[in-house]
Amino acid sequence: MAKTKYVFFNGEIVPHDEAKVHVSTTAFKFGAAVFEGVRGYWNERQEQLYLFRMPEHMQRLEFSQRMMRFDEIIDADYVTGKAIELIRANEVRETLHMVPTVFVNGRGGPETRGPVALSITANPGFTRGFVQTGCSVQVSSWQRVPDNAMPVRVKCNANYQNGRLAAVQARSDGYDTALLLNSRGKVSEGPGQCFFMIRDGKAITPGTNNDILESITRDTILTLLPRYCGVEVEERDVDRSELAAADEAFFCGTAWEVTPILDIDRLPVGSGTIGPVVTRLKEAYFQVTKGEVDDYPEWRMPVYET
Ligand code: PMP
């Protein structure tokens with residue numbers, strides 16, 4: 001990923017290498033931090049950068065802070081304003097991935113709740129080749145952490161050790177990524193992405209009571225599948241063996257966008273190639289995110305004044 005000139009850190013825009021957190025902070029020691037991953041899509045014709053579903057990401061960032069009981073909530077308007085200021089300062093005029101993080105900058109035990117600080121990075125050129133090529137998936141032997149152990153609805157940095165273990169195992173075993181089952185043995189999600197499958201012309205995705213993040217891309221896909229692909233979606237439990245009955249499957253997420261799944265546990269999904277529904281969905285997703293179609297203007301926040 002390309003490095004930008006500036007980072008927003010603790011109240012100001014600073015040179016990239018000056019954004020440093022002390023090793024004694026509760027954020028560093030115990031993972032007391034929450035974050036968002038937001039993409040900005042560059043529209044060449046309009047010479048505009050659109051932040052995709054920024055208000056929804058900011059709402060979730062506020063929710064994460066409240067849930068993790070930070071003693072101050074850094075609000076959506078403030079983070080949005082600073083993010084736009086930072087992107088403009090960096091003069092990013094290409095697709096980017098932005099990460100605002102609110103963290104406990106105080107020092108003390110895990111119960112320390114403040115003071116909190118905000119950092120924002122906005123890096124251009126973050127693409128995953130799997131969006132084009134598709135990926136291979138291992139059903140992980142790591143279980144998705146249950147919501148009554150760690151709040152999976154929030155993007156707390158510490159939560160990510162669960163998916164990280166699954167991803168590292170998958171890579172070591174020769175797969176591209178992992179799919180985790182939850183404590184009930186039902187399909188949950190990937191380390192940083194939600195799961196969909198197409199079976200007999202219908203889409204199926206695990207409901208939000210399956211220990212998954214309430215993903216903003218998942219919500220987007222629930223709208224796009226009927227609208228652009230003529231495919232209805234069922235939100236319900238998915239058994240492990242039902243994975244073998246999928247005609248097509250894909251992951252979605254801010255970083256993963258729409259990523260086709262070619263095989264699961266080495267068993268090809270359908271024909272083992274990228275299928276027609278996923279192909280059409282991918283196309284629609286990028287048209288909508290980049291503003292190449294007029295639909296859903298409320299999902300795109302322009303960064304530059306016109
Ligand atoms: N699940 C997990 C565990 C994630 O970290 C992410 C990435 N934020 C997703 C799903 C996808 O969520 P979103 O579409 O909101 O980026």
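A cavity is a set of points on a 1 Å grid over the protein atoms alone where a 1.4 Å probe fits but cannot get out. A pocket is an open set, with protein on both sides within 12 Å along at least five of seven lines. Lining residues have an atom within 4 Å of a point. Grid points are joined across faces, edges and corners, and a volume is the space filled by probe spheres set on the points.

This is a predicted model: local features need pLDDT of at least 70, side-chain atom pairs count only at pLDDT 80 or more, and totals for chains, interfaces and linings use all residues. Residues are numbered from 1 along each chain as its sequence is written, and side-chain values use heavy atoms, with hydrogens and water left out.

The largest cavity has a volume of about 50 Å³. Its lining is made by R39, Y41, F52, H57, I216, T217, T254 and Y285. By residue type, the lining of the largest cavity has four nonpolar, three polar and one charged. Here Ala, Val, Leu, Ile, Met, Phe, Trp, Tyr, Cys and Pro count as nonpolar, Asp, Glu, Lys and Arg as charged, and the others, Gly among them, as polar. Where does the largest cavity lie? Domain 1 (6-124) and domain 2 (130-289) both give residues to its lining, so the largest cavity lies between them. The domain bounds come from an automatic or database domain assignment.

The second largest cavity holds about 30 Å³ of space. Around it stand E248, A249, P260, I261, T273, I274, G275 and V278. Here β13 and β14 (257-264) are the elements that give two or more residues. The lining of the second largest cavity divides into five nonpolar, two polar and one charged.

Now turn to the open space. The largest pocket contains about 780 Å³. Its lining has 38 residues, and R128, Y160, P191, G192 and W256 lie nearest its centre. Which elements supply at least two residues each? They are α2 (54-67), β6 (96-104), α5 (160-172), α6 (216-229) and β13 (248-253). The largest share, six residues, comes from α5. In this lining, 14 residues are nonpolar, 15 polar and nine charged. Both domain 1 (6-124) and domain 2 (130-289) give residues to the lining of the largest pocket, so this pocket lies between them.

Next come the helix pairs. Axes are lines fitted to C-alpha atoms, for helices over the stretch in contact, and angles run from 0 to 180 degrees between N-to-C directions. Angles under 35 degrees count as roughly parallel, over 145 as roughly antiparallel, 65 to 115 as roughly perpendicular and the rest as oblique. Helix α6 packs with helix α7 (residues 276-290) at an angle of about 115°, and their axes are 10 Å apart. Therefore α6 and α7 are roughly perpendicular to each other. The axes of α2 and helix α3 (residues 76-90) come within 9 Å and cross at roughly 125°. That makes α2 oblique to α3. A crossing is left-handed if the near helix is turned anticlockwise from the far one by less than a right angle, and right-handed if clockwise. The crossing of α6 and α7 is right-handed. The crossing of α2 and α3 is right-handed.

Finish with the backbone. G114 and P115 are joined by a cis peptide bond, with omega about -5°. P115 sits in the loop between β6 and β7 (116-124). E47 is not a glycine, yet it has a positive phi of about 45°. E47 belongs to the loop between β4 and β5 (48-52). D265 is not a glycine either, and its phi is positive, about 55°. D265 lies in the loop between β14 and β15 (267-268).

Notes: Helix = DSSP H or I, 4+ residues; strand = E, 2+ residues; numbered from the N terminus.
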